[in-house]
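This report describes how one protein chain is put together. Please look over the sequence and the model before reading on.

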Amino acid sequence: MTSFDLKVHPHRRFNPLTREWVLVSPQRAQRPWQGQVEIAAQEHLEKYDPHCYLCPGNERAGGAHNPNYDGSFVFDNDFAALRPDTPAGEIREKGLLIAESEKGRCRVVCFSPRHDLTLARMDVADIKQVVETWSTEFSTLSREPGIRSVEIFENRGAMMGCSNPHPHGQIWAQQTMPDELACELNSCSEYFSKHQTTLLEDYRELELEKQERVVLSNDHFAVLVPFWAVWPFETLVISRRRVPCLTELQEVERAGLAHILQQITIRYDNLFKTPFPYTMGFHQVASDKAHAEGFHLHAHFYPPLLRSATVKKFMVGYEMLAMPQRDITPETAAALLKDLPSVHYLAGK
């Protein structure tokens, strides 16, 4: 096949984790924009908000009161999407109408008592405490009878549907394996059976060798814009050591993860000098679960912003009816993020 320039010509790229394709159209990057413009995110918040239902000592929306916590704080979601007392049941009609009950638990993790902080503006030591909390929760929930999956994630910013600016994330534990994780698990398991190395282990080493999409790295984690990225500034955080979950990380590795999370979120904020919205979440499998040997701990960052603090990528039309499509190439996105300062643009203000 005749070679062509990925920076110039339309092409599609394959994602070996999900086994899906993404259309890349670099020639569209400069098209004029007269569409929807979002409201810029608020930069300055008070350290404590008496009306915030996540701040220490305040009453939550469900009526309970938060303790005067001074670090991370975890509680059962007052308006949970999953419940542990859901009765078992199912509906099956002619193989077309199928429904099954789903038990689970939903937890909320407050990262800090400070209302005005984010991961990008927290100290590494405080982020490490969040990592420790995530690890503890993952271990505890994974051992609950009937739980097959524990998803730890953060929606940051109103643009991502976050209902409260107080720094927090969520944990959903459920009895079945959700589609995204199940797809990755199948791909990784097949790859491991064939190569006796993990898919992401080999991919990480290839990216570190090529240095075309690596944003930053330390001794324990690497951050890169995936070759198959869908969102404009999507990144993938991969552990250096082969481990299936957070609980398998050593103390120094957890500190390394905290540093990486601080640095990538600082770069996100610095890109457009705005509190950068994103969805971030870990994909992991408890070490005693099936296929854990071939799975590799990683986290996905999916940010929607495309051109500025107020213009986002829309997944509509072709993306909804055919396949994902992106304009800016992953290589360009990585170069932009890599060259940004490692100190937050609001530092000292």
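The text below takes the sheet, then the helices, the salt bridges, a few loop residues and the backbone angles.

The structure is a predicted model, in which local features need pLDDT of at least 70, side-chain atom pairs count only at pLDDT 80 or more, and totals for chains, interfaces and linings use all residues. Residues are numbered from 1 along each chain as its sequence is written, and side-chain values use heavy atoms, with hydrogens and water left out.

**Sheet**

Helices (H or I, at least four residues) and strands (E, at least two) are DSSP runs, numbered from the N terminus. Two strands pair if DSSP finds at least two bridges between them. Nine strands form an open sheet with antiparallel pairing, in the order 3-6-8-7-12-13-11-10-9. Its edges are strand 3 (73-76) and strand 9 (214-217); each has a single partner strand, so one side of each is left without a neighbour in the sheet. From one strand to the next, the twist averages 20°.

Strand 12 (residues 278-283) and strand 13 (residues 298-302) run antiparallel and are joined by five bridges. In this pair, His283 stands opposite His298 of strand 13. Helix 3 (residues 199-210) packs on the sheet, where it touches strand 9, strand 10 (221-224), strand 11 (235-239) and strand 13. Contact here means heavy atoms within 4.5 Å. The direction of helix 3 makes about 110° with that of strand 11; axes are lines fitted to C-alpha atoms, for helices over the stretch in contact, and angles run from 0 to 180 degrees between N-to-C directions.

**Helix 1**

The 19 residues of helix 1 (124-142) should span 27 Å at 1.5 Å a residue, and the end C-alpha atoms are 26 Å apart, which agrees. The expected span is 1.5 Å times one less than the number of residues. Buried means under 20% relative accessible area, exposed over 50%, and partly exposed in between (1.4 Å probe, protein chains only). Among the buried residues of helix 1 are Ile127, Val130, Val131, Trp134, Phe138 and Leu141, together with the charged residues Lys128 and Glu137. The elements covering the buried residues of helix 1 include strand 3, strand 6, strand 7 (149-156), strand 8 (168-174), helix 4 and strand 12.

**Salt bridges**

A salt bridge is a side-chain nitrogen of Lys or Arg within 4 Å of a carboxyl oxygen of Asp or Glu. The whole structure holds 23 of these. Three of them are listed here.

| Pair | N to O distance |
|---|---|
| Glu90 and Arg92 | 3.4 Å |
| Arg254 and Glu132 | 2.6 Å |
| Glu212 and Arg213 | 3.2 Å |

Arg254 lies in helix 4 (residues 251-272) and Glu132 in helix 1, so this pair ties together parts that are 122 residues apart in sequence. Arg254 is buried, at 11% relative accessible area. Glu90 counts as exposed at 53%, and Arg92 as partly exposed at 47%. Glu212 is partly exposed at 40%, whereas Arg213 is buried at 4%. Glu212 and Arg213 also belong to a network of salt bridges that links them with Arg13, Glu207 and Glu331.

His115 sits in the loop between strand 6 (104-110) and helix 1. Its relative accessible area is 3%, so His115 counts as buried. The side chain of His115 makes a polar contact with that of His166 (3.3 Å). Such a contact is a pair of N or O atoms within 3.5 Å; within protein, one must be able to donate a hydrogen and the other to accept it, and residues adjacent in sequence count only if both atoms are side-chain atoms. Not counting residues up to four places away in sequence, His115 touches residues including Lys47, Cys52, Cys55 and Asn164.

Lys47 is in the loop between strand 2 (20-24) and strand 3 and counts as exposed at 54% relative accessibility. Beyond four places in sequence, Lys47 touches Pro113, Arg114, His115 and Asp116.

**Backbone angles**

Most residues other than glycine have a negative phi. Gln196, in the loop between helix 2 (179-195) and helix 3, has a positive phi of about 60°. Gln211, in the loop between helix 3 and strand 9, has a positive phi near 60° and is partly exposed at 39% relative accessibility.
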